[in-house]
Amino acid sequence: MEIKWDQNLAVGVDKIDNQHKELFDRMNKLILAMKEGKGKTEVMDTLKFLEDYVVKHFNEEEELQKRNNYPKYETQHKEHEEFKMDLNNFKSMIEKEGLSSASAIKLQNSMSLWWRKHIKDLDMDLGKFLMKV
Ligand SMILES: [Fe+2]
């Protein structure tokens, strides 16, 4: 499944939506590097490029939630931590087993599903909440 941001994923808060778009771009860069059979160093670099932004985005989003006393902060935090852990596991997997196009497809599908679900289940609710405060 393609990693693609579309209007259905809009949370309604510009800062969050723009960060989600940037995240999707960075995920696609990683997937592309893997699919094009780039070397391990380059793939690891694009993974790091993605990781940095993931951390920045989660931190800023959580900061926004805490500042506004968002009641579902814990649920958000838990999912964010899970995603960071998944990325880490993926990194260890590449280090151990190397790269394959099968792992690129698998990663693409799981990231696409994770983000669609996370945005629709949680970030949308956050967007609605923030618009009311
Ligand atoms: Fe989130």
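1. To find one, a 1 Å grid is laid over the protein atoms alone, and a cavity is a set of points where a 1.4 Å probe fits but cannot get out. The largest cavity has a volume of about 40 Å³, where volume means the space filled by probe spheres set on the points, with points joined across faces, edges and corners.

2. Before going on, keep in mind that this is a predicted model, so to speak with limits attached: local features need pLDDT of at least 70 and side-chain atom pairs count only at pLDDT 80 or more, while totals for chains, interfaces and linings use all residues. Residues are numbered from 1 along each chain as its sequence is written, and side-chain values use heavy atoms, with hydrogens and water left out.

3. Which residues line the largest cavity? They are Lys-15, Ile-16, Gln-19, Glu-60, Glu-61, Leu-64 and Arg-67; a lining residue has an atom within 4 Å of a point. Two are nonpolar, one is polar and four are charged (nonpolar: Ala, Val, Leu, Ile, Met, Phe, Trp, Tyr, Cys and Pro; charged: Asp, Glu, Lys and Arg; polar: the others, Gly among them). Helix 1 and helix 2 each supply at least two residues, and helix 2 gives the most, with four. Helices here are DSSP runs (H or I, at least four residues), numbered from the N terminus.

4. Now look at those two helices. Helix 1 (residues 14-35) and helix 2 (residues 40-67) pack at about 160 degrees, with their axes 9 Å apart. Axes are lines fitted to C-alpha atoms over the stretch in contact, and angles run from 0 to 180 degrees between N-to-C directions. The pair is therefore roughly antiparallel (over 145 degrees). Their crossing is left-handed, meaning the near helix is turned anticlockwise from the far one by less than a right angle.

5. Helix 2 also packs against helix 4, at about 25 degrees with axes 12 Å apart. That makes the two roughly parallel (under 35 degrees). This crossing is left-handed too.

6. Next, the largest pocket, which holds about 230 Å³ of space. A pocket is an open set of points with protein on both sides within 12 Å along at least five of seven lines. Helix 3 (73-97) and helix 4 (101-132) are the elements giving two or more residues to its lining, and helix 4 has the largest share, six residues. Among the lining residues are Phe-83, Phe-90, Lys-106 and Trp-114. The lining divides into seven nonpolar, two polar and two charged.

7. Finally, the UniProt record (unreviewed entry) places "domain: Hemerythrin-like" at residues 12-126; such annotations may be inferred rather than shown by experiment. The span is 88% helix and 0% strand, and its end C-alpha atoms lie 10 Å apart.

Technical notes:
Parallel < 35°, antiparallel > 145°, perpendicular 65-115°, else oblique.
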